[in-house]
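Work through these exercises with the model open. Try each task before reading its solution.

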Amino acid sequence: MAVTWLKRAARTPASNEDAAREVAGRMIAAIEAEGEAAARRFARELDKWEGEILVTEEEIARNAAAIPAQAREDIDAAIANVRRFAEAQRASITDFEIEVAPGVMAGQRVVPVECVGAYVPTGRYAHIASAYMGIATAKAAGVKDVVACSAPYRGGPIHPLVLYAMHRAGADTILTLGGVQAIAALALGLFSGRAADVIVGPGNKFVAEAKRMLFGRVGIDVFAGPSEVAVIADGTADAEIVAADLVGQTEHGHESPAWLIALDRALAEAAMARVPELIAALPPTARDAADAAWRDYGEVAVCDTREEAASLSDRYASEHLEVQCADLGWWRERLVNYGSLFLGEESTVAFGDKCSGPNHVLPTKAAARYSAGLSVHKFLKPLTWQSATREGAKRLSEITARISRLEGMEAHARTADLRLARWFPGHNLPLGEPVQG
């Protein structure tokens, strides 16, 4: 068995973390010290925004009235799919209680966080779908308050379609604010009066670094890097579809990797030949990003066996993984490391990015080895509780006292001793040797 490389990446995804960390740290410190004044100053300097930060209900209504009917219908349909999937996820997580031992009850209550900050990026493209991926999912989890931010679009207000999507997805408060200043404002509760418990949403390297620096003070979704796609294809695949799906993700940015894992060399070579042609036919903005991404980060490997291909895919742990092969059931059961899986040529990453239902905020940079994408789980706290009868507490006290003393923790042991003395005077239970040191 062997892997034959037809194309290797010239670079690995670079995030210039040191530079981003310095900029994000300086901005967060200024906003912590000066509050809303500093956030407004950064909005003027970086986004050329002089208007109000808080979007009014009147502005939202005027904006919605101007949206074409077809655009409203499409966005509403996509939101409905995302919400339906998220609601099914929520229904799968339940409260429960069990008797873990005679007289000892324990259980779980699933409680949503109180406030979520949802960041919606605006830059090379108008990221309409990013609005409802975060907001609708939080609302399906039962979050009471969602504060959403998006940057001014090319010096003006929030992109009208993004604003419509944010509102329809259920945002309670919308702020015209982008970048590091938006993440800091969400964490500190600026302009809204409600500090976020969790902040979600994709963004550039400065946004990602701001989220990383604030993690711990707030929860976050993922440590995001450039968007990624991997396609596993065998001889039954259509080279044109394979090539189109690789190119479809490279337009995200100059550092977006695209990986083809092929089980048929002829298929691999045909797809490789077609990729540059498809890139050349793109409009300028997408062409510029896709050309650099494929040139510097694209890889093509040919594997002898499907087990070898699956192992290579699991090492990549790609954000998006497509399988265009025979016997899709085998691949679904075998593959374990990916952000989201797209089975068969009838499914494509773009469906997941825009409207099919599962969330498009996903782990990158091999984080799929240990984490999953955004879901209602991110907004829920499975809180545990316990209670005991006095008979149940008798056995727990005996075990607790002995283990505590084995650990050298005498104060813990004495909380158990006290209960036994109160409720079972004269007992002769072995409680371990008291800690002396």
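**Exercise 1.** How many helices and strands does the protein have?

Solution. The model is predicted: local features need pLDDT of at least 70, side-chain atom pairs count only at pLDDT 80 or more, and totals for chains, interfaces and linings use all residues. Residues are numbered from 1 along each chain as its sequence is written, and side-chain values use heavy atoms, without hydrogens and water. The protein has 16 helices and 14 strands. These are DSSP runs numbered from the N terminus: helices (H or I) have at least four residues, strands (E) at least two.

**Exercise 2.** Find the order of the strands in the open sheet, then its edges.

Solution. Start with the order: 5 strands run E6-E5-E4-E7-E8, with parallel pairing. Strands E6 (173-176) and E8 (219-220) each have a single partner strand, so one side of each has no neighbour in the sheet. Two strands pair if DSSP finds at least two bridges between them. Now check one pair. Strand E5 (residues 145-150) is joined to E6 by 4 bridges. Ser150 has Thr176 in E6 as its bridge partner.

**Exercise 3.** Which helix lies across E4, E5 and E6?

Solution. Helix H6 (residues 160-169) does, with E4 spanning 115-120. H6 runs at about 175 degrees to E5. Angles run from 0 to 180 degrees between N-to-C directions; axes are lines fitted to C-alpha atoms, for helices over the stretch in contact (heavy atoms within 4.5 Å).

**Exercise 4.** Is Phe96 buried, partly exposed or exposed?

Solution. First, locate Phe96 in strand E2 (residues 96-101). Its relative accessibility is 40%, so Phe96 counts as partly exposed. The cut-offs are under 20% relative accessible area for buried and over 50% for exposed, with partly exposed in between (1.4 Å probe, protein chains only).
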